[in-house]
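Look over the sequence and the model before reading on.

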Amino acid sequence: MEDIKAEKLPRHVAIIMDGNGRWAKKRALNRIRGHEEGAESVREIVRVSREIGIPFLTLYAFSEENWKRPGYEIQALMNLLKRFLRSELKEMLTNGIRLQAIGRIHKLPEDVQEELRKTARETSRNRDMVLTLALSYGSRQEILDAIQGIAKGVKAGKISPEDINEELISSGLYTEGMPEPDLLIRTSAEYRVSNFLLWQIAYAEMYFTPTLWPEFRKQEYMEAIREYQRRERRFGATGERGGRET
Ligand code: IPE
Ligand code: IPE
Ligand code: MG
């Protein structure tokens, strides 16, 4: 951790946590065991993020498309989520972590929604880090919701079409008020975005690793941060030195 430069930390890290099932399969365990082990990685990555001073951490925990999975797996994931929220509350309060959820939360089981509301309420005054769980989340659905909101505003005469700009669209997304991710990590050797934060990652640095999520722990995470710090972000310009790299 000593070689992490404090002045070049990502403000927002977003992670597609993938590979729980394959981790279990490799060990002849059932997929649920993989998710349980994945929850241990979540605990560690949250703790380390807070330690190094990342202000926003967003974790893709359940996609809108994950509803296609078998009922027992969905049930197990929901139970695991509830247990996670209960067991981590104390830690979040001690460490100044505020929890929030993004996605079509109303589709989650009522008891999970209740636990999310409770955790969000109890951590609402925390200021050191925002932990966002993407649940029943799909980026296209999110963009669609934003467009419908804007269209209603236009119809009601509150917005004129010329007023529609990037800021207005961003403010209609579930991530309203958050900075865009600087670093997007995906584990398990899948090189795709799977409907995660499509609008928000326009200029995110991508980090892909073959490591399966249950094995993605502090060391791997530090490697991703170090790699991020080596990158030069240009945002379409020519770079600080101007012109071509040699
Ligand atoms: C990621 O692990 C967790 C969720 C998507 C909920 P997977 O369950 O997708 O694991 P693999 O991809 O089958 O290995
Ligand atoms: C993406 O993983 C969703 C989450 C990590 C929650 P998936 O395993 O569901 O994605 P695909 O099916 O490989 O694209
Ligand atoms: Mg997967």
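Buried means under 20% relative accessible area, exposed over 50%, and partly exposed in between, with a 1.4 Å probe and protein chains only. This is a predicted model, in which local features need pLDDT of at least 70, side-chain atom pairs count only at pLDDT 80 or more, and totals for chains, interfaces and linings use all residues. Residues are numbered from 1 along each chain as its sequence is written, ligands are numbered from 1 in the order in which they are written, and side-chain values use heavy atoms, without hydrogens and water.

**Backbone angles**
- Most residues other than glycine have a negative phi.
- F235 has a positive phi of about 50°.
- F235 follows α7 (218-230) in the chain, in the segment after that helix; helices are DSSP runs of H or I with at least four residues, and strands are runs of E with at least two.
- F235 is partly exposed, at 48% relative accessible area.
- S136 also has a positive phi, near 50°.
- S136 belongs to strand β4 (residues 129-137).
- S136 is buried, with a relative accessible area of 1%.

**Ligand 1: polar contacts**
- A polar contact is a pair of N or O atoms within 3.5 Å.
- R22 places a polar side-chain atom 2.7 Å from an oxygen atom of ligand 1.
- For R31 the distance from a polar side-chain atom to a ligand 1 oxygen is 2.8 Å.
- For D18 the corresponding distance is 2.9 Å.

**Ligand 1: shell**
- Residues around ligand 1 include M17, H35, N66 and L77, where near means a heavy atom within 4 Å.
- α1 gives the most to this shell, with three residues.

Terms used
A polar contact is a pair of N or O atoms within 3.5 Å; within protein, one must be able to donate a hydrogen and the other to accept it, and residues adjacent in sequence count only if both atoms are side-chain atoms.
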